[in-house]
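Student: I would like to go through this model by question and answer.

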Amino acid sequence: SQLEGTLIGIRVVKAATAERFERRRYASILWQLVQQNLRMAKIDAASSPIIESLMFLMSGAILLYAAYLVFDVKPPNNLEANTLIMVMVCLAFMSDSLRKVTKVNNSMQKANAAVTRIFEVLEVPVERRRSLQSALTPELKDEQTRRLPPISREIRFDNISFTYPGAPHPALAGVSLTVAKGASIAVVGRNGSGKTTLLAMLPRFYDPGSGRITIDGIDVRQATLRSLRGQIGIVTQDSVIFPGTIEQNIAYGSSQPDRQRVMDAAKRAFAHDFITERGGYETLLGEHGTQLSGGQKQRLCIARAIYRASPILILDEATSQVDAESEHLIQQAIEQVMHERTTFVIAHRFSTILSADTIVVMERGEIVGQGKHDELLTTCPIYRQLYERQLFFSGESAA
């Protein structure tokens with residue numbers, strides 16, 4: 001884990017001239033590992049001599065007692081010589097088995113740490129089982145799961161509450177929201193207000209602690225995960241690029257990509273020009289797309305969502321890593337997509353959300369405002385504060 005973290009953040013390590021610090025930290029971890037291995041080796045080496053000594057003492061004690069029964073005890077309570085020989089032969093055969101048994105505990109203790117981690121993984125709830133019956137409320141358990149048809153009317157969040165394990169406060173508290181098909185909803189709020197958690201409920205990355213989410217009146221917990229997530233396209237703040245060609249990244253999940261659809265999606269995401277400059281759609285991308293800039297990776301992710309053509313689209317800070325010019329171009333693409341799909345937008349930049357049909361303001365896991373931009377400026381102090389703060393910083397940047 002230490003090596004992985006250091007290598008992923010190698011630029012930060014070099015920029016901070018922290019090579020010596022990382023060497024010392026890694027040497028400390030290696031020293032602890034050496035001490036643990038030495039301790040295991042000592043225990044393993046000492047176990048055989050200790051058991052051999054105990055067996056020798058035990059055999060001696062048995063032999064002395066048997067000799068006493070043979071020579072000093074009168075019949076009929078004495079021990080026959082042939083019986084004594086049989087006992088000694090049995091002890092000789094048992095010694096080898098006991099010697100092997102002593103090594104079992106050492107092997108089990110060595111494997112204990114790995115077994116603990118394996119069982120932690122095995123005990124994690126399986127999504128497929130959770131999607132069938134285990135997550136259903138008592139009133140839904142009698143109904144069978146079904147394939148969710150394409151959205152035709154609305155999405156409804158009905159009194160949703162959720163608390164992360166071990167968290168002192170709920171991430172969502174009684175959130176209710178109705179979104180008509182084809183509408184665009186912008187969700188704004190301070191960091192930690194519950195925006196991302198709310199939208200993570202829709203594809204069932206989490207299940208609400210109470211309340212329910214319905215699509216056309218069907219609880220998403222009654223729908224199969226494949227049919228539910230097949231209707232949802234997501235662009236996250238972190239640009240995820242897979243090893244492979246640019247075409248394979250845009251058409252991710254498709255075994256036979258349609259080149260024309262790939263190009264159309266790239267053009268709508270304003271990625272076609274830099275793709276052409278880099279050698280075309282067959283250009284291989286390395287792990288994490290390190291040869292691309294942050295804005296280019298983000299545009300590829302937006303092109304991937306456009307190619308997927310899902311009726312529901314979630315944009316979680318989709319323009320967070322692009323420059324002003326790219327943001328303007330991508331904003332045009334997003335506005336076109338908004339009119340074609342039911343869209344949820346999480347953004348801090350107000351240029352991204354002003355064109356939304358409805359703006360939802362969240363604070364501490366609750367919806368504190370809902371409406372158009374001009375309306376919220378007068379009715380929602382939190383929204384007005386967020387807007388004025390961004391105007392202030394934008395003015396300072398321009399200056």
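This is a predicted model: local features need pLDDT of at least 70, side-chain atom pairs count only at pLDDT 80 or more; totals for chains, interfaces and linings use all residues.

Student: Which residue in β5 stands opposite isoleucine 215?
Tutor: Strand β4 covers residues 210-215. β4 and β5 run antiparallel and are joined by 2 bridges. The residue in β5 opposite isoleucine 215 is isoleucine 218.

Student: Is threonine 245 buried or exposed?
Tutor: Threonine 245 lies in strand β7, residues 244-245. Leaving out residues up to four places away in sequence, threonine 245 touches Tyr281, Glu282, Thr283 and Leu284. Buried means under 20% relative accessible area. Threonine 245 has 7% relative accessibility, so it counts as buried.

Student: Which element gives the most residues to the lining of the largest pocket?
Tutor: The largest pocket holds about 790 Å³ of space. Two or more lining residues come from each of α6 (195-200), β6 (232-235), α11 (294-308) and β9 (312-316). With 5 residues, the element that gives the most is α11.

Student: How many residues of the lining of the largest pocket are nonpolar?
Tutor: The lining has 31 residues, and Ile232, Gly233, Ile234, Arg304 and Arg308 lie nearest the centre of the pocket. Of the lining residues, 5 are charged and 7 are polar. The number of nonpolar residues is 19.

Definitions and conventions
Residues are numbered from 1 along each chain as its sequence is written. Side-chain values use heavy atoms; hydrogens and water are left out. Two strands pair if DSSP finds at least two bridges between them. Helices (H or I, at least four residues) and strands (E, at least two) are DSSP runs, numbered from the N terminus. Buried means under 20% relative accessible area, exposed over 50%, partly exposed in between (1.4 Å probe, protein chains only). Contact means heavy atoms within 4.5 Å. On a 1 Å grid over the protein atoms alone, a cavity is a set of points where a 1.4 Å probe fits but cannot get out, and a pocket is an open set with protein on both sides within 12 Å along at least five of seven lines; lining residues have an atom within 4 Å of a point. Grid points are joined across faces, edges and corners, and a volume is the space filled by probe spheres set on the points. Ala, Val, Leu, Ile, Met, Phe, Trp, Tyr, Cys and Pro count as nonpolar, Asp, Glu, Lys and Arg as charged, and the others, Gly among them, as polar.
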